[in-house]
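The following exercises are to be worked through with the sequence and the structure in view. Each task is followed by a solution in steps.

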Amino acid sequence: MREPAFWYRPPSWTSRLLAPLGEVYGLIASARMQSRSFDAGIPVLCVGNYHAGGAGKTPTVLALTGLLRDLSEAPGVLSRGYGGRSQGPIRVDPSRHTAADVGDEPLMLALTVPVIVARDRVAGAALARSQGATVIVMDDGFQNPAIGKNGSFIVIDSDRGLGNGRVFPAGPLRAPLKPQLDRTDALIVIGTGTAAVAVATAVTARGKPVLSAQLKPDAASLEALGGKRVLAFAGIGDPGRFFRTLRGAGIDVVRERVFADHHPFSPGEIEALLAEARGDGLTLVTTEKDMVRLRGAESSMQPARDIVPFAVKLEFNDVARLRKFVVEQLSRARGKNHRPHD
């Protein structure tokens, strides 16, 4: 799905006409969030969004699992596997699974951390625990009540914020903002923009931490693109953030091509992109998540070898504060009277 442009513009007639549907959807979503949850038996940390679309969950999950390993934990990621055909529960194996099997994000994450894909999150949590996970990191699922969370980290892009602030389909919110704020344990603001200031203020007023972070390009990616003019394409939740990151890193982005999130690229589309880039003397570059889908394609997609993946890493401005917060959440989760958030 490609998100409607009006979601990230001032309230329009379209959003006003859809507002009644948004109110109904919001009531259902709010009620669902109050449902009782299953206790996974080990700490569960969730990385989610208030809204549909991309904001930086995947690099946040990678940063959080890296921190947990530094704390001598054995994290396991639990994902619904959006875009994949497998119902699970199954452990992702990058040597035999493709994005069509398990989804692009789980496949990308599985290159560095154990990942379980499961439509039934309770069954997925049980499999993660049986395979030695001491902490489950949920990739999305903040609004899903199936499993109790011991810490919910909400990711927001500082340039896009929450768009028009309305509930789906009138806007990007997955539920009304207040019940989501009430269940937030920490807010992670990515970037240096100002669109998330109001949300950050509301989280701070509830006594919860607001953590700042930046997406930093991988040195090898910068070296591969140094001095080159590029044609950048992306099929992610927020392609604009990818293009801004490229330009912020000093990459000369001559042309952009946008596809829907999780777009399954055909050989014909890739051939067309390669031909366009070659014709104008440009280097083709895309995101790691898009590249995962390309690498799992059929042999007819071999020209994808000529595409440069642009890797990024999430770096927190105050790692010590994040570390202290995570340690506190784990300690509470393992307390004698522990019960996760319902």
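**Exercise 1.** Determine whether Leu68 is buried or exposed, and state which residues Leu68 contacts beyond its neighbours within four places in sequence.

*Solution.* The model is a predicted one, in which local features need pLDDT of at least 70 and side-chain atom pairs count only at pLDDT 80 or more, while totals for chains, interfaces and linings use all residues. Residues are numbered from 1 along each chain as its sequence is written, and side-chain values use heavy atoms, with hydrogens and water left out.

Step 1. Locate the residue: Leu68 belongs to helix H2. Helices (H or I, at least four residues) and strands (E, at least two) are DSSP runs, numbered from the N terminus.

Step 2. Read the accessibility. Leu68 has a relative accessible area of 0% and is therefore buried; buried means under 20% relative accessible area, exposed over 50%, and partly exposed in between (1.4 Å probe, protein chains only).

Step 3. List the contacts, where contact means heavy atoms within 4.5 Å. Leaving aside neighbours within four places in sequence, Leu68 touches Leu45, Glu73, Pro75, Val135, Val137, Val326 and Leu330.

Step 4. Compare sequence and space: Leu68 and Arg323 are 255 residues apart along the chain, and their C-alpha atoms are separated by 8.7 Å.

**Exercise 2.** Describe how the axes of H2 and H12 cross, and name the residues that make the contact.

*Solution.* Two packed helices are described by the angle between their axes and the distance between the axes.

Step 1. The axes of H2 (residues 57–70) and H12 come within 11 Å and cross at roughly 70°. Axes are lines fitted to C-alpha atoms, for helices over the stretch in contact, and angles run from 0 to 180 degrees between N-to-C directions.

Step 2. Classify the angle: H2 and H12 are therefore roughly perpendicular to each other. Angles under 35 degrees count as roughly parallel, over 145 as roughly antiparallel, 65 to 115 as roughly perpendicular and the rest as oblique.

Step 3. Helix H2 contributes Leu64, Leu67, Leu68 and Asp70, and H12 contributes Leu322, Arg323, Val326 and Leu330.

Step 4. Sort these residues: six are nonpolar, none is polar and two are charged. Here Ala, Val, Leu, Ile, Met, Phe, Trp, Tyr, Cys and Pro count as nonpolar, Asp, Glu, Lys and Arg as charged, and the others, Gly among them, as polar.

**Exercise 3.** State how many aromatic pairs a search of the whole structure finds, and explain which parts the pair of Phe153 and Phe325 ties together.

*Solution.* Step 1. The search finds nine aromatic pairs. Rings of Phe, Tyr and Trp (its six-membered ring) pair if their centres lie within 6.5 Å; planes under 30 degrees apart count as stacked, over 60 as edge-to-face and the rest as tilted.

Step 1. One of the pairs joins Phe153 and Phe325 edge-to-face, at 5.6 Å centre to centre with 85° between the planes.

Step 2. Because Phe153 lies in strand E6 (residues 151–157) and Phe325 in helix H12 (residues 319–333), this pair ties together parts that are 172 residues apart in sequence.

Step 3. Phe153 is buried at a relative accessible area of 1%, and Phe325 also counts as buried, at 10%.

Step 4. Phe242 and Phe243 form a tilted pair, 5.7 Å centre to centre with 50° between the planes; both residues are buried.
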